[in-house]
Amino acid sequence: MTKPKIYEGGCLCGHIRFIATGPAHKPHTCSCRLCQRHSGALTQMWVEFSQDQVQWTGPGRTPSMWRSSEWSSRAFCSVCGSTIGAIDDKPTLALAIGIFDSPNRHELAPQSHSYISKRPKWWGIHNPSKT
Ligand SMILES: [Zn+2]
Ligand SMILES: [Zn+2]
């Protein structure tokens with residue numbers, strides 16, 4: 001049996017930290033308006049886990065949340081304001097790949113792009129699903 005992959009990461013100030021146990025699901029980018037406003041970036045990069053794969057290990061324990069839709073909340077650090085993820089009512093949680101300690105892992109490469117039409121036309125995005 002192969003050992004499950006472990007992912008660690010956290011916010012800018014270290015108040016919110018996580019350990020996620022693989023497998024990591026559905027790495028993707030999203031340029032919807034919610035993701036843009038939540039992250040401040042034109043395109044956000046996400047990877048999904050089920051909630052029982054993720055432990056919150058920093059001194060702040062679970063991130064602060066803001067209800068962004070009927071089924072999901074946006075998670076952030078209340079101290080430094082870093083974007084952490086999107087936590088659905090269950091079972092899925094998406095973490096922003098930019099907060100991972102080691103994002104340079106091949107299995108985190110985005111496989112699809114959601115809401116690509118919402119990005120400015122001058123914003124070029126590597127989109128593996130179109131190649
Ligand atoms: Zn923080
Ligand atoms: Zn989005």
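The following legends describe close-up views of a predicted model.

**View 1. The four-cysteine site of the zinc ion (ligand 1).** The zinc ion (ligand 1) is held by the SG atoms of Cys-11, Cys-13, Cys-77 and Cys-80, at 2.3 to 2.4 Å. Angles among the four donor atoms run from 107 to 112°, and the site is tetrahedral. For comparison, the ideal angle for four tetrahedral donors is 109.5 degrees. Along the sequence, the donor residues follow the spacing C-x1-C-x63-C-x2-C. Cys-13 belongs to the loop between β1 and β2, and Cys-77 to the loop between β7 (72-76) and β8 (83-88); the pair therefore ties together parts that are 64 residues apart in sequence.

**View 2. Accessibility of Cys-13 and Cys-77.** Cys-13 is partly exposed, its relative accessible area being 41%. Cys-77, by contrast, is buried, with a relative accessible area of 1%.

View 3. Cys-30 and Cys-35 are both buried.

**View 4. The open sheet β1-β2-β5.** Three strands in the order β1-β2-β5 form an open sheet with antiparallel pairing. At its edges lie β1 (6-10) and β5 (54-56), each of which pairs on one side only. Neighbouring strands of the sheet are turned against each other by 20° on average, direction ignored.

**View 5. Pairing of β1 with β2.** Five bridges join β1 to β2 (residues 17-21) in the antiparallel sense. Tyr-7 has Ala-20 of β2 as its bridge partner.

How values were computed. Residues numbered from 1 in each chain as written. Chains lettered and ligands numbered in written order. Predicted model: local features only at pLDDT ≥ 70, side-chain atom pairs only at ≥ 80, totals over all residues. Heavy atoms only, no water. Buried < 20%, exposed > 50% of the residue type's maximum accessible area, 1.4 Å probe, protein only. Pairing = 2+ DSSP bridges. Helix = DSSP H or I, 4+ residues; strand = E, 2+ residues; numbered from the N terminus. Axes fitted to C-alpha atoms, helices over the stretch in contact; angles between N-to-C directions. Donors = N, O, S within 2.8 Å, 3.2 Å for Na, K, Ca; no water. Tetrahedral: all angles 85-135°; square planar, octahedral: opposite > 155°, others 65-115°.
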